[in-house]
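Subject: Structure handover

Hi,

Here is the structure for you to take over. My notes follow below it.

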Amino acid sequence: MNHQPNRICAIAFDLDGTLVDSVPDLAVAVQETLASLGFDKCTEQQVRGWVGNGAKKLMARALFWASGKEADSQQLQQVMPIFMDNYQRYLHQHSRLYAGVAETIAELHKQGYKMAVVTNKPYQFAVPLIEAFELQSYFELILGGDTLAKMKPDPMPLQYLIERWGLSEAQMLMVGDSKNDIIAAKSAGIASIGLTYGYNYGEDIGLAEPNAVCQQFNQVLSWLATEPVTL
Ligand SMILES: O=C(O)COP(=O)(O)O
Ligand SMILES: [Mg+2]
């Protein structure tokens, strides 16, 4: 791997909606949590629009939809263990890697890129999900939404990686499906690729203005091959 100061040699990947279509299992966990509280069940499609800011915010959005009012911290404190238990049970029953992810991650690893997962998903779920798809050996680090004091769109997890790996901003790329990923990348001063197939609250990822918009995961390889010099 070429470690020139202005060439990308490290990549941070988002997890939900980028590597893994995790909504099928998240949806069942949300639905069962709502049902156990006596609320109507939401649809999988609704959950698709609620994912992005971690497990607590997901349940807060679901409760708002179900009850018509904002959940207070006491209610969330009571509901979160139920959701966490439910999601723990389903985690990777119906979740699937997106097309091209396994091959592309293996190829990037072969090419020598340093790789990490930077997700807003709680760490306790991120690790077994990545392990279920046998990807853990490719990633030097997995940062969950609760690993550091702040999660995306805050740049903290990306700044942590840059510092820990002793890189310049120009050497790092963020690949994600949500504007949270792109905002975090921009705030950290690094390049980003936005994927169109994931979860972005139903919005066009292009509106967040990543350096490139890709329809398929393997296009990350061709982008890196043609656009390695950044900023
Ligand atoms: O758990 C979430 O809310 C989103 O997770 P992600 O950051 O991997 O997309
Ligand atoms: Mg995502």
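**Ligand shell and domains**

The shell around ligand 1 takes at least three residues from each of domain 1 (10-21 + 95-226) and domain 2 (23-90). The domain bounds come from an automatic or database domain assignment. This is a predicted model: local features need pLDDT of at least 70, side-chain atom pairs count only at pLDDT 80 or more, and totals for chains, interfaces and linings use all residues. Residues are numbered from 1 along each chain as its sequence is written, while chains are lettered from A and ligands numbered from 1 in the order in which they are written.

There are 13 residues around ligand 1, and Leu15, Asp16, Thr119, Asn120 and Lys121 come nearest. Here a residue is near if its C-beta atom, placed from the backbone, lies within 6 Å of the molecule. By class, the shell holds three nonpolar, seven polar and three charged residues. Ala, Val, Leu, Ile, Met, Phe, Trp, Tyr, Cys and Pro count as nonpolar; Asp, Glu, Lys and Arg are charged; the others, Gly among them, are polar.

The C-alpha centres of domain 1 and domain 2 are 24 Å apart. Their contact takes 15 residues from domain 1 and 11 residues from domain 2. Contact means that the C-beta atoms of two residues, placed from the backbone, lie within 7 Å. On the domain 1 side, the residues that touch domain 2 are five nonpolar, seven polar and three charged.

**Annotated aspartates**

UniProt (unreviewed entry) lists Asp14, Asp16 and Asp177 under "binding site". They span 164 residues in sequence, yet no two of their C-alpha atoms are more than 8.1 Å apart, so they gather at one spot. The "active site" annotation, also from an unreviewed UniProt entry, covers Asp14. UniProt positions are in the numbering used here, feature names are shortened, and annotations may be inferred rather than shown by experiment.

- Asp14 sits in the loop between E1 and E2. It is buried, with 29 C-beta neighbours inside 10 Å. Buried means 20 or more other C-beta atoms within 10 Å of the residue's own; exposed means 12 or fewer; partly exposed is in between; C-beta atoms are placed from the backbone. Leaving out residues up to four places away in sequence, Asp14 touches Val118, Thr119, Val175, Gly176, Asp177, Ser178 and Asp181.
- Asp16 lies in the loop between strand E1 (10-13) and strand E2 (20-21). It counts as buried, with 25 C-beta neighbours inside 10 Å. With residues up to four places away in sequence not counted, Asp16 touches Ser22, Val51, Thr119, Lys121 and Tyr199.
- Asp177 is in the loop between strand E6 (172-176) and helix H8 (179-188). It is buried, with 25 other C-beta atoms within 10 Å. Beyond its neighbours within four places in sequence, the contacts of Asp177 include Asp14, Gly17, Thr18 and Tyr199.

**Whole chain**

The chain has nine helices and eight strands. Helices (H or I, at least four residues) and strands (E, at least two) are DSSP runs, numbered from the N terminus. Its C-alpha trace spans about 55 × 30 × 30 Å along the principal axes. Of the 231 residues, 42% count as buried. Among contacts in the chain with a separation of 6 or more, 64% join residues 24 or more positions apart.

Best wishes
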